[in-house]
Amino acid sequence: MGALVRMVRMPHPRLGAAVLVLLLLASCSGPASRNAPQQDSEAQRQALVQCRRYRESLPPLVERYRETESRLKALEEESFTSALAPLPLDPEEQRLLTIYDQQTEQEQYEQAVAEWRRSEAKRRLVWQEALQQRQEAAVTERDQLAAQLRTIHPALLTAAKPPSLDAKELERFLACSVERQR
């Protein structure tokens, strides 16, 4: 410290005080900065251990997550397909019938159309309920898989709703090398 005090005795006292403050600050940050590399290397070691632990089980889990996302997308794009409606009466055939028979044929056609509409309404309702159940099951499965993926490595999925896989983070995580874990 005596050498330090001799150095501080410079012709400009303010400059000497500034040098002294800088030297003191540099000597105070020494132990904290020495622990930082140890903490970084410990975090890297933990990341490598975790990566190696999940190297085999993660790809099938990711594949199931992607399949579930695809299934959800396909369910969203599904549409109801109606059965064929009763065919209208042929005008040529009707002309050959008597007025009474024409009226009877017209009434039968209208009844068939009404029955078809009721039947289609029921079919559509059953289809919508089944679709909703399949969507809910797929969403539940996706959420469970997302929770498993986040348990393994939270950064594998985006924070968006619904979450999606971060392909770059997945590749980086599965690399299992110190350079790629940074």
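**Salt bridges and nonpolar core**

R118 and E115 are separated by about one helical turn, because they lie 3 residues apart in helix 6 (helices are DSSP runs of H or I, at least four residues, numbered from the N terminus). This is a predicted model, in which local features need pLDDT of at least 70 and side-chain atom pairs count only at pLDDT 80 or more, while totals for chains, interfaces and linings use all residues. Residues are numbered from 1 along each chain as its sequence is written, and side-chain values use heavy atoms, with hydrogens and water left out.

**Salt bridges**

- The structure holds 7 salt bridges (a side-chain nitrogen of Lys or Arg within 4 Å of a carboxyl oxygen of Asp or Glu).
- R118 pairs with E115, with the closest N and O atoms 3.0 Å apart.
- E141 forms a salt bridge with R71 at 2.4 Å between the closest N and O atoms.
- That pair links distant parts of the chain, E141 being in helix 6 and R71 in helix 4, 70 residues apart.
- R134 forms a salt bridge with E78, the closest N and O atoms lying 2.8 Å apart.
- This pair also links distant parts of the chain: R134 is in helix 6 and E78 in the loop between helix 4 and helix 5 (91-96), 56 residues apart.

**Accessibility of the paired residues**

- E141 is partly exposed at 25% relative accessibility (buried is under 20% relative accessible area, exposed over 50%, partly exposed in between, with a 1.4 Å probe and protein chains only).
- R71 is partly exposed at 36%.
- R118 is partly exposed at 48%, and E115 is partly exposed at 43%.

**Nonpolar core**

- The largest nonpolar core has 15 residues, and L58, Y65 and L149 have the most contacts inside it (buried Ala, Val, Leu, Ile, Met, Phe, Trp, Tyr and Cys residues joined through side-chain atoms within 4.5 Å).
- Helix 4 (58-77), helix 6 (99-152) and helix 7 (167-175) are the elements that give two or more residues to this core.
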